[in-house]
Amino acid sequence: MDDLNIKVQQAQEVLLDLERRREEIERQKLQLEELRKKQRDFEGGHRGVTEELARSVALLARQEEDGQRELEDIRSVRKTLAEQLAALEALEPATWEPANLSEELTKALTLVDQSRAILRQAQGRLERLGWEAVEQEHNSNRVEGVFEETDEGFKFWRKVASGFAYSLPLILSLLAVSLVWFLKK
């Protein structure tokens, strides 16, 4: 009987040992399954994020190139407008000689018209670059105000030019009569 008890006890110990091993194997199995799951998640996440990052980098590179082109266009427009502004600011009606007033006014008006055309062309370029209509309307209103201020500055000279234009036929007639009278003498 003791021998049987010893064998039963040994069998129970073997069973307990086998149970511990089974639990250890189950734990290792769960760990391996967790590792496989993490590896699949890593591989899928790595692939997905890598593809998304590559797309994002390519998109940003295109955006950067477009931005560089837009910046170059904006710089070009700014430079052109600054040159026109400098040319307009360089006009000094007070220094014009009365004898050349008509020519000076013609040149000045031509410059103003040219500046206005360049400004409108620049606004078109900026519109194509995607500037919002609100900003353009604001800038357009501000520019029209500038032209109105410029018009007020030239008001006196325009009156002088108008007076000269109205008087020109009379002056030419008097010159013609004087010439005819001088030739008859």
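In this predicted model, helix H4 bends by about 40 degrees at Ser 167, a kink that lies shortly before the proline Pro 169. Helix H4 covers residues 155-184 and packs against helix H2, which covers residues 101-128. Helix H2 also packs against helix H1, made up of residues 2-89.

**Helix H4**
- The helix contains 30 residues, and the distance from its first C-alpha to its last is 43 Å.
- This span is close to the 44 Å expected at 1.5 Å a residue.

**Packing of H2 with H4**
- The axes of H2 and H4 come within 10 Å and cross at roughly 125 degrees.
- H2 is therefore oblique to H4, and the crossing of this pair is left-handed.
- From H2, the contact is made by Leu 101, Ser 102, Leu 105 and Leu 109.
- From H4, the contact is made by Trp 157, Arg 158, Val 160, Ala 161 and Phe 164.
- Sorted by class, the residues of the contact of H2 with H4 are seven nonpolar, one polar and one charged.

**Packing of H1 with H2**
- The axes of H1 and H2 lie 10 Å apart, at an angle of about 165 degrees.
- Angles over 145 degrees count as roughly antiparallel, so H1 and H2 are roughly antiparallel to each other.
- H1 and H2 form a left-handed crossing.
- On the H1 side, the residues that meet H2 include Ile 74, Val 77, Leu 81 and Leu 88.
- On the H2 side, the residues that meet H1 include Leu 111, Ile 118, Leu 119 and Arg 125.
- The contact of H1 with H2 comprises 11 nonpolar, five polar and two charged residues.

Conventions:
Residues are numbered from 1 along each chain as its sequence is written. This is a predicted model: local features need pLDDT of at least 70, side-chain atom pairs count only at pLDDT 80 or more; totals for chains, interfaces and linings use all residues. Side-chain values use heavy atoms; hydrogens and water are left out. Axes are lines fitted to C-alpha atoms, for helices over the stretch in contact, and angles run from 0 to 180 degrees between N-to-C directions. Helices (H or I, at least four residues) and strands (E, at least two) are DSSP runs, numbered from the N terminus. Angles under 35 degrees count as roughly parallel, over 145 as roughly antiparallel, 65 to 115 as roughly perpendicular and the rest as oblique. A crossing is left-handed if the near helix is turned anticlockwise from the far one by less than a right angle, and right-handed if clockwise. Contact means heavy atoms within 4.5 Å. Ala, Val, Leu, Ile, Met, Phe, Trp, Tyr, Cys and Pro count as nonpolar, Asp, Glu, Lys and Arg as charged, and the others, Gly among them, as polar. The expected span of a helix is 1.5 Å times one less than its number of residues. The bend at a residue is the angle between axes fitted to the seven residues ending there and the seven starting there.
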